[in-house]
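Thanks for coming. I will go through one structure today, and I will keep to what the coordinates give.

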Amino acid sequence: MSEIEYDVYVEIPKAEVHTLNYILEAEDNFLNVRHIDPASGLLKIIVIDDQLEDLLRLLDSLKDELHLKVVKYEPNRGIL
């Protein structure tokens, strides 16, 4: 089991957040959808490093339908 987590920041219309959340949280223990940062407007998703590539592929497959864009991802520094 990995101990490194990544923060993935996604630009997504607020109207699509619920749909994305529903899709992502359908798989138990895959990731954690946190919140939309008020300063940047980006949705923060936390995922362990073993599943980062799976998440990025899934988000890429949903980008046109949900009008989303992965802006960046970085190792989590333990800040919620």
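**A lysine over a ring**

Start with Lys 72, which lies over the face of Tyr 9, 5.0 Å from the ring centre. Bear in mind throughout that this is a predicted model.

Now the sheet. In what order do the four strands of the open sheet come? The order is S2-S3-S1-S4, and the pairing is antiparallel. S2 and S4, the latter covering residues 69-75, stand at the edges with a single partner strand each, so one side of each has no neighbour in the sheet. From one strand to the next the twist averages 25°.

Take the pairing of S1 with S4. S1 spans residues 5-11, and six bridges join S1 to S4, the two running antiparallel.

Staying with H1, which of its residues are buried? H1 runs over residues 14-24, and the buried ones are Glu 16, Val 17, Leu 20 and Leu 24. Viewed down the axis of H1, these buried residues fall within an arc of 120°, so they line one face of the helix. As a reminder, an α-helix has 3.6 residues a turn, so residues three or four places apart point the same way. The face of H1 turned away from the buried side carries Ala 15, His 18 and Tyr 22, which are exposed. And what covers the buried residues of H1? The cover includes strand S2 at 31-36, strand S3 at 43-48 and helix H2 at 52-66.

Back to the sheet, at S2 and S3. Four bridges join S2 to S3, and the two strands run antiparallel. Within that pairing, Leu 31 stands opposite Val 47 in S3. S2 and S3 make a hairpin with six residues between them. In the turn, Gly 41 has a positive phi of about 80°. Pro 38 is in the loop between S2 and S3. Is Pro 38 buried or exposed? Pro 38 is exposed, with a relative accessible area of 78%. From Pro 38 to Gly 78 the separation is 40 residues in sequence and 19 Å in space, C-alpha to C-alpha.

On to aromatic rings. How many aromatic pairs does the structure hold? It holds one. Tyr 6 and Tyr 73 form it, with an edge-to-face geometry: 6.5 Å centre to centre and 65° between the planes. The pair links distant parts of the chain, with Tyr 6 in strand S1 and Tyr 73 in strand S4, 67 residues apart. Tyr 73 is partly exposed, at a relative accessible area of 42%.

Last, Asn 76, which lies in the segment after S4. With a relative accessibility of 18%, Asn 76 counts as buried, because the cut-off for buried is under 20%. Which residues is Asn 76 in contact with, leaving aside neighbours within four places in sequence? They are Glu 5, Tyr 6, Asp 7 and Ile 46.

Definitions and conventions:
Residues are numbered from 1 along each chain as its sequence is written. This is a predicted model: local features need pLDDT of at least 70, side-chain atom pairs count only at pLDDT 80 or more; totals for chains, interfaces and linings use all residues. Side-chain values use heavy atoms; hydrogens and water are left out. Buried means under 20% relative accessible area, exposed over 50%, partly exposed in between (1.4 Å probe, protein chains only). The arc is that of the directions from the helix axis to the C-beta atoms. Contact means heavy atoms within 4.5 Å. Two strands pair if DSSP finds at least two bridges between them. Axes are lines fitted to C-alpha atoms, for helices over the stretch in contact, and angles run from 0 to 180 degrees between N-to-C directions. Rings of Phe, Tyr and Trp (its six-membered ring) pair if their centres lie within 6.5 Å; planes under 30 degrees apart count as stacked, over 60 as edge-to-face and the rest as tilted. A charge sits over a ring if NZ of Lys or CZ of Arg is within 6 Å of the ring centre and within 35 degrees of the ring normal.
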